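Student: Please take me through the labels on this model. I would like each one set against its definition.

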Amino acid sequence: MKVAIIGTGFVGVTSCVVYASFGNQVIGLDVDQSKVESLNKGKVPFYEPKLTELLKTGLNEGNLKFTTTYEEAISEADVVIVAVGTPSASDGAIDLSYIANSVAQAAPFLKEGAVLAIKSTVLPGTLAQVKKIVGNLTDKKIHYASLPEFLKEGTAVDDTLYPDRIVIGTENKTAFAILEELHRPFQAPILSVKPESAQLTKYASNNYLALRIVYANVLAEICEKTDADIDEVIEAMGYEKRIGKHYWYPGLGYGGSCFPKDVKALAHFCHDKKIVDNLFSFMTQFNTNRPIQVLKRLEKVMGSFAKKKIAVLGLSFKPNTDDQRESPALAVIPALLEAGAQVSAFDPMVKKIADAKIANHSHYKQEMEIEGAVKDADLIIILIEWPQIIGFDFAKVKANKPQFFFDTRGQFSLKKIQDAGYLYLRVGRQF
């Protein structure tokens, strides 16, 4: 099948290489010339495990290429998938301008009977807007569908190759039949639902996962103020079959390109629909406040952050990605600098912190090795559970002075860190 994918961001590139891996003829389309040139040379402009290898395979086998030209990408495509960004506006609403612009430019080149599927994360009602835009620009018969993605950064290739389900949102039998054929090699359940249901399913899934993180952090905060232990609570709670042990991540909150944006978007959508007292507004507020509230308690334990050297380990929002969007470091480091601390940071993939104010601050330094970041630190803060950080032997860099070790991910052994001579603190336990 001939497939065109508009947008070569995280979702777009991953979709391109995976569809090509099943033998489809795939063209990725982007207006960014430098990005297209890079991709055609087999270079991915961001870090994602397994993606570069699959990209090079598709290019070498001749069934994958990238272009900046709508006519080249669209004119022969059986399926056109829109995977452009839907960023947040200041009030939390999603910005649909990239979708509107891309489908308007694609419309004149769509062939008769093509399927136009929206993979971008959008709210219920968006497909109707797309139909109207395209219908005003072409008389050809086009079949429409919503085709949400459910991949996550760090495991995007495997999530796309081996999905839990394929959700196709359309009331058009032809659109469903074509998309069903395209996705049959994935050997996953294929669900036929209304477009609005497909769109809301994406938000419902992300918001529920974010809710589990918020719930775990509310419990962790209770534990931090009592003598309860969050690990013990989660383990005991997880034996309940209706709850389960999976996806409990107490820490400093969720981050990345999806959860913060999608929770805000659903909160805004609820307000628009006059559902004022909604859960999603609370989730955003709690998640935003969580890092600062934890730091305030930590500073009380230490006495003050002023003139202290503090090592921050982990700058991405999670392991196995270099994405810093809404990462805990972008909340924690400014607060530490404002309190008068000297901050040294390390991340195995992030070579420069995204916030220019932090990067240029006279009291901030980013090190290439963990040893440099933690040398003589008064406090070591573990923000992200990179294997390089979790597997590091902190005993060999212990300074001859009192040093605090704050584990925000609950990955370290209390005994091991205390035996190394550190004062060990962690989220979800009283401190």
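**Labels and cut-offs**

Tutor: Glu326 lies in the loop between S9 and H13; helices (H or I, at least four residues) and strands (E, at least two) are DSSP runs numbered from the N terminus. The model is predicted: local features need pLDDT of at least 70 and side-chain atom pairs 80 or more, while totals for chains, interfaces and linings use all residues. Residues are numbered from 1 along each chain as its sequence is written, and side-chain values use heavy atoms, without hydrogens or water.

Student: What makes Glu326 partly exposed?

Tutor: Buried means under 20% relative accessible area and exposed over 50%, with partly exposed in between (1.4 Å probe, protein chains only). Glu326 has 44%, so it is partly exposed. Its phi is positive, about 60°, although it is not a glycine.

Student: Which label does Asn320 get, buried, partly exposed or exposed?

Tutor: Its relative accessible area is 31%, so Asn320 is partly exposed. Asn320 is placed in the loop between strand S9 (309–313) and helix H13 (329–338). Asn320 is not a glycine, yet its phi is positive at about 65°.

Student: How do you know that Cys16 is in no disulfide?

Tutor: A disulfide is a pair of cysteine sulfur atoms within 2.5 Å. A search of the whole structure finds zero disulfides. For Cys16, the nearest cysteine sulfur is that of Cys258, 17 Å away.

Student: Why is Cys16 called buried?

Tutor: Its relative accessibility is 0%, so Cys16 counts as buried. Cys223 is buried too, with 3%.

Student: Why is Leu123 called buried, given its place in a loop?

Tutor: The loop in question runs between strand S5 (115–118) and helix H6 (126–135). Contact means heavy atoms within 4.5 Å. Not counting residues up to four places away in sequence, Leu123 touches Ile94, Gln199, Tyr203, Ala265, Leu266 and Phe269.

Student: What makes Ser102 buried?

Tutor: Ser102 has a relative accessible area of 2%, so it is buried. Ser102 lies in helix H5 (residues 97–106). Its contacts beyond four places in sequence are Ile6, Tyr70, Val82 and Val84.

Student: What makes a set of residues a nonpolar core, and how many residues has the largest one?

Tutor: The set holds buried Ala, Val, Leu, Ile, Met, Phe, Trp, Tyr and Cys residues joined through side-chain atoms within 4.5 Å. The largest such core has 50 residues, and Leu313, Ile333, Leu336, Ile380, Ile381 and Phe394 have the most contacts inside it. H13 gives the most to this core, with five residues. Phe394 is in contact with residues including Leu313, Ile380, Phe405 and Tyr422, leaving aside neighbours within four places in sequence. Apart from this core lies another, of 39 residues, with Cys16 among them.

Student: How do you know that S9 and S10 pair?

Tutor: Two strands pair if DSSP finds at least two bridges between them. S9 and S10 have five bridges, in the parallel sense. The open sheet has six strands in the order S11-S10-S9-S12-S13-S14, with parallel pairing.

Student: Why are S11 and S14 said to stand at the edges?

Tutor: Strand S11 (364–366) and S14 each have a single partner strand, so one side of each is left without a neighbour in the sheet.
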